[in-house]
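User: I have not looked at this one before. Can you walk me through it?
Analyst: Go ahead and ask.

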Amino acid sequence: SPIIGIVATILLVGGSVTKAAPALLQGGFGLQLPCILLHFLGGLGGYLLCRGTGLGERVARTTAIETAMKSSAFVFLLCSIHFNDYMVAVPCAVSVVWNAIIGS
């Protein structure tokens, strides 16, 4: 059900952002813009590449969604496990938030 997905997204985003909140706030727009562009350009590139090679609208839209909405929460988890410096995971936390905002 949609409510389960919404609650799961809130928990993932909240869990990812909690420890990184001070760095997220200090990073400002310079930290936000690259993450926004990563998802936007990934989706746009996936869509245009499919359309440019003659694939249908449905395939192009599916590819755009798949390329734009990579699992930032999983990357955040991997960074948290494998790196001692917590700041390594901050861009991933920003990405988690933007994925939630734009509709993953």
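User: How many salt bridges does a search of the whole structure find?
Analyst: The search finds two, a salt bridge being a side-chain nitrogen of Lys or Arg within 4 Å of a carboxyl oxygen of Asp or Glu. This is a predicted model, where local features need pLDDT of at least 70 and side-chain atom pairs count only at pLDDT 80 or more, while totals for chains, interfaces and linings use all residues. Residues are numbered from 1 along each chain as its sequence is written, and side-chain values use heavy atoms, with hydrogens and water left out.

User: Which residues are linked in the network of salt bridges?
Analyst: Arg51, Glu57 and Arg61. Glutamate 57 meets arginine 51 at 3.7 Å, N to O, and the closest N and O atoms of arginine 61 and glutamate 57 are 2.8 Å apart.

User: Where do arginine 61 and glutamate 57 sit relative to each other?
Analyst: Both are in helix α3, residues 57–68. They are four residues apart, so about one helical turn separates them. Helices here are DSSP runs of H or I with at least four residues, strands are runs of E with at least two, and both are numbered from the N terminus.

User: Is arginine 61 buried or exposed?
Analyst: Arginine 61 is exposed, at 52% relative accessible area. Arginine 51, at 38%, is partly exposed, and glutamate 57, at 30%, is partly exposed too. Buried means under 20% relative accessible area, exposed over 50%, and partly exposed in between (1.4 Å probe, protein chains only).

User: New topic. Where is the kink in α2 centred?
Analyst: On glycine 28, with a kink of about 100°. The bend at a residue is the angle between axes fitted to the seven residues ending there and the seven starting there. The expected span is 1.5 Å times one less than the number of residues.

User: How far apart are the end C-alpha atoms of α5?
Analyst: 19 Å, which agrees with the 18 Å that its 13 residues should span.

User: Which residues touch the most other members of the largest nonpolar core?
Analyst: Ala20, Leu24, Leu31, Phe76, Val90, Ala93 and Val94, out of 13 residues. α2, α4 (72–82) and α5 (90–102) each supply at least two residues of this core. A nonpolar core is a set of buried Ala, Val, Leu, Ile, Met, Phe, Trp, Tyr and Cys residues joined through side-chain atoms within 4.5 Å.

User: What does valine 90 touch?
Analyst: Not counting residues up to four places away in sequence, valine 90 touches Ala20, Ala23, Leu24 and Leu31, contact meaning heavy atoms within 4.5 Å.
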